Amino acid sequence: MKIGPTIDKEFDAFSVNYTEDMTKCVPYYQKLLHSFSENLPPTFSPNRILDLGCGNGNVTAQLLQKFHKASYELLDASKEMITLCKGRFIEYDIQYHTTFFNDFHFAENKYDMIVAGFSIHHCTGEEKEGLLKKIYTSLTPNGVFGICDLMIDRNSLEHHQLLKDWKKFVLNNYANEDKWKWLMEHYQEFDKPDDLNNYIKWLKKAGFTKIEPFVNEHYWVYLRAFK
Ligand SMILES: C[S@@+](CC[C@H](N)C(=O)[O-])C[C@H]1O[C@@H](n2cnc3c(N)ncnc32)[C@H](O)[C@@H]1O
């Protein structure tokens, strides 16, 4: 698979076999996806949920099992990903936004839960910091932000070991190196991971008080922050 010219076009192409590709290319993908609906306070019952960078809807599908009465808004820059979600969730009343994070209006105090599965690492550090502030503002009091992503500094010593472990994982799932080569091209071009400590610093600066990394499997992290 050739990488695309822009992030939205890249994911238009990636959408074709998305869940299988993610499961076989991203360590702990299924575990991290499941984290969004687990370990929440028993009384937590969101009315409005926003899925940022929804892709083909794998995070929303998890949440729908638990919060089937909530109203959902799904946002993604990729038209093809949004089309897949519309087909997948045809029986649900969901609002869709085909747009970039930067162009979306985050209304104040609107959502009880905002989620971002493997989508924010496409932003620069400065964009992440700004986005986390908007997310905080857009949550209702006691609202929850859940995020899973690769959280590591590319310039750290540990990054070399991460790549070795990651390659081993991918080569266990594919007979030759084609997928790994494509994945590393994608990683170089589109992925801008940041260290967990940076996320925690930005979340605190945005105003979040209770921040909990629930899953931390060798830099593959799920964390939750409460407004
Ligand atoms: C790796 S996929 C994750 C999809 C899904 N959340 C999941 O966990 O499987 C990243 C998604 O984020 C979207 N995305 C990346 N950067 C974006 C941006 N700046 N604005 C809107 N969507 C973006 C991509 O189009 C893609 O569908």
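# Chatting through the fold

Me: Let's start with the helices H7 and H8. At what angle do they pack, and how far apart are their axes?
Reply: This is a predicted model, and in it helix H7 (residues 158-173) packs against helix H8 (residues 178-190) at about 140 degrees, with the axes 9 Å apart. Angles over 145 degrees would count as roughly antiparallel, so this pair is called oblique.

Me: OK, and is the crossing of H7 and H8 left-handed or right-handed?
Reply: H7 and H8 cross in a right-handed way.

Me: Which residues meet there?
Reply: From H7 you have Lys-167, Val-170 and Leu-171, and they meet Lys-179, Trp-180 and Leu-183 of H8. By class, that contact has four nonpolar residues, two charged and no polar.

Me: What about H6 and H9, how do they pack?
Reply: H6 and helix H9 (residues 196-206) pack at about 40 degrees, and their axes are 9 Å apart. H6 and H9 are therefore oblique to each other too, and H6 passes H9 in a right-handed crossing.

Me: Which residues make that contact?
Reply: On the H6 side, Gly-125, Lys-128, Glu-129, Leu-132, Lys-133 and Tyr-136. On the H9 side, Asn-198, Trp-202, Leu-203 and Ala-206. They split into five nonpolar, two polar and three charged.

Me: Switching to the sheet. How many strands, and in what order?
Reply: Seven strands make an open sheet, running S3-S2-S1-S4-S5-S7-S6, with mixed pairing.

Me: Which strands stand at the edges?
Reply: Strand S3 (94-98) and S6. Each has a single partner strand, so one side of each has no neighbour in the sheet. From one strand to the next, the twist averages 15 degrees.

Me: Who pairs with S6, and in which sense?
Reply: Strand S6 (residues 210-217) pairs with strand S7 (residues 220-226) in the antiparallel sense, over seven bridges. For example, Ile-211 has Ala-225 in S7 as its bridge partner, and Val-215 has Tyr-222.

Me: Which helices lie across the strands?
Reply: Helix H5 (residues 79-88) lies across strand S2 (71-76) and S3, and runs at about 170 degrees to S3. There's also helix H6 (residues 125-138), which lies across strand S4 (111-117) and strand S5 (139-150) at about 145 degrees to S5.

Me: Last topic, the ligand. Which residues come nearest?
Reply: There are 20 residues around the ligand, and Phe-11, Gly-53, Gly-55, Gly-117 and Ser-119 come nearest. Helix H1 (7-14) and helix H4 (58-66) are the elements giving two or more residues to that shell.

Me: Which element gives the largest share?
Reply: H1, with three residues.

Me: And how does the shell divide into nonpolar, polar and charged?
Reply: The shell around the ligand has eleven nonpolar residues, seven polar and two charged.

Terms used: Residues are numbered from 1 along each chain as its sequence is written. This is a predicted model: local features need pLDDT of at least 70, side-chain atom pairs count only at pLDDT 80 or more; totals for chains, interfaces and linings use all residues. A residue is near a molecule or strand if its C-beta atom, placed from the backbone, lies within 6 Å of it. Helices (H or I, at least four residues) and strands (E, at least two) are DSSP runs, numbered from the N terminus. Ala, Val, Leu, Ile, Met, Phe, Trp, Tyr, Cys and Pro count as nonpolar, Asp, Glu, Lys and Arg as charged, and the others, Gly among them, as polar. Two strands pair if DSSP finds at least two bridges between them. Axes are lines fitted to C-alpha atoms, for helices over the stretch in contact, and angles run from 0 to 180 degrees between N-to-C directions. Angles under 35 degrees count as roughly parallel, over 145 as roughly antiparallel, 65 to 115 as roughly perpendicular and the rest as oblique. A crossing is left-handed if the near helix is turned anticlockwise from the far one by less than a right angle, and right-handed if clockwise. Two residues are in contact if their C-beta atoms, placed from the backbone, lie within 7 Å.
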